[in-house]
Amino acid sequence: MSMKPIEYADASPEVRAVYDDIKRTRGVPDVNNFWKHLAHDPAGLERTWESVKQVMAPGALDPLTKEMIYLAVSVTNGCGYCIASHGAAARKAGMSEAMFGELMGVVGMANETNRLANGYRVPIDKAFE
């Protein structure tokens, strides 16, 4: 079942307040489809936005690193929407095509070796504990 996105003009005041915060925080003229679909659950929309805003804010990790991690996890999870969204955000934050290529190499290698380690049930070395 596919729901229609909730556009600003059709949104409740509660949803509009979240949309306004997203637009202000990100400096964009409109919110993307992810938020417009989450708006069917206003409480979930607000909770998710507050969490994303907090987690993705600059901190010990810079914004580019955070976006590249988000992109890597999205690739591993197979989320086409998040790959597109966070790929664009990572590029906007400074990720070059060379960086993207290396990131995909690391993602592929980590997924391969994770599965091998799990399949072989490799015990953790004492030095890593």
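Student: Which residues in H1 meet which residues in H3?

Tutor: Please keep in mind that this is a predicted model. The partners on the H3 side are Pro42, Leu45, Glu46, Trp49, Glu50, Val52 and Lys53. On the H1 side, the residues that meet them are Glu14, Val15, Val18, Tyr19, Asp21, Ile22, Thr25 and Arg26.

Student: How are H1 and H3 oriented to each other?

Tutor: Two packed helices are described by the angle between their axes and the distance between the axes. For helix H1, residues 13–26, and H3, the axes are 9 Å apart and the angle is about 20°, while the crossing is left-handed. Angles under 35 degrees count as roughly parallel, and H1 and H3 are therefore roughly parallel.

Student: What distance should helix H4 span, and what is the distance between its end C-alpha atoms?

Tutor: Helix H4 covers residues 63–77, which makes 15 residues, and each residue counts for 1.5 Å. The expected span uses one less than the number of residues, so the helix should span 21 Å. The end C-alpha atoms agree with this, since they are 21 Å apart.

Student: Which residue caps the N-terminal end of H4?

Tutor: At the N-terminal end of H4, look for a side-chain oxygen that lies 3.1 Å from the backbone nitrogen of Leu64.

Student: Against which helices do the buried residues of H4 pack?

Tutor: The buried residues in H4 are Leu64, Lys66, Glu67, Met68, Leu71, Ala72 and Ser74. An α-helix has 3.6 residues a turn, so residues three or four places apart point the same way. The buried residues of H4 pack against helix H3 (42–56), helix H5 (80–92) and helix H6 (97–120).

Student: How are H4 and H6 oriented to each other?

Tutor: The axes of H4 and H6 come within 10 Å and cross at roughly 45°, and H4 passes H6 in a right-handed crossing. The contact is made by Leu64, Met68, Leu71, Ala72, Val75 and Thr76 of H4, together with Met99, Phe100, Leu103, Met104, Val107 and Asn111 of H6. With that angle, H4 and H6 are therefore oblique to each other.

Student: How are H4 and H5 oriented to each other?

Tutor: Here the helices pack at an angle of about 160°, with axes 9 Å apart, and H4 passes H5 in a left-handed crossing. Leu64, Glu67, Met68, Tyr70, Leu71, Ser74 and Val75 in H4 meet Cys82, Ile83, His86, Gly87, Ala89 and Ala90 in H5. Angles over 145 degrees count as roughly antiparallel, and H4 and H5 are therefore roughly antiparallel.

Student: With which side chain does the side chain of His86 make a polar contact?

Tutor: His86 is found in helix H5, and at 9% relative accessibility His86 counts as buried. Not counting residues up to four places away in sequence, His86 touches Glu67, Tyr70 and Leu71. The polar contact, at 2.6 Å, is with the side chain of Glu67.

Student: Is Lys36 buried or exposed?

Tutor: Lys36 lies in helix H2, residues 33–38, and its side chain makes a polar contact of 2.8 Å with the side chain of Glu7. Leaving aside neighbours within four places in sequence, Lys36 is in contact with Pro5, Ile6, Glu7, Tyr19, Asp30 and Val31. Its relative accessible area is 6%, and buried means under 20%, so Lys36 is buried.

Student: How far apart in space are Gly94 and Leu64, C-alpha to C-alpha?

Tutor: Gly94 is found in the loop between H5 and H6 and is partly exposed, with a relative accessible area of 43%. Not counting residues up to four places away in sequence, Gly94 touches Leu64 and Met99. Although Gly94 and Leu64 are 30 residues apart in sequence, their C-alpha atoms are apart in space by 6.6 Å.

Student: What is the phi of Arg121?

Tutor: Arg121 has its place in the segment after H6, and at 71% relative accessibility Arg121 counts as exposed. Most residues other than glycine have a negative phi. Arg121 is a residue other than glycine with a positive phi, near 55°.

Definitions and conventions. Residues numbered from 1 in each chain as written. Predicted model: local features only at pLDDT ≥ 70, side-chain atom pairs only at ≥ 80, totals over all residues. Heavy atoms only, no water. Helix = DSSP H or I, 4+ residues; strand = E, 2+ residues; numbered from the N terminus. Buried < 20%, exposed > 50% of the residue type's maximum accessible area, 1.4 Å probe, protein only. Contact = heavy atoms within 4.5 Å. Polar contact = N/O pair within 3.5 Å; in protein donor to acceptor, adjacent residues only side chain to side chain. Axes fitted to C-alpha atoms, helices over the stretch in contact; angles between N-to-C directions. Parallel < 35°, antiparallel > 145°, perpendicular 65-115°, else oblique. Left-handed = near helix turned anticlockwise from the far one by under 90°.
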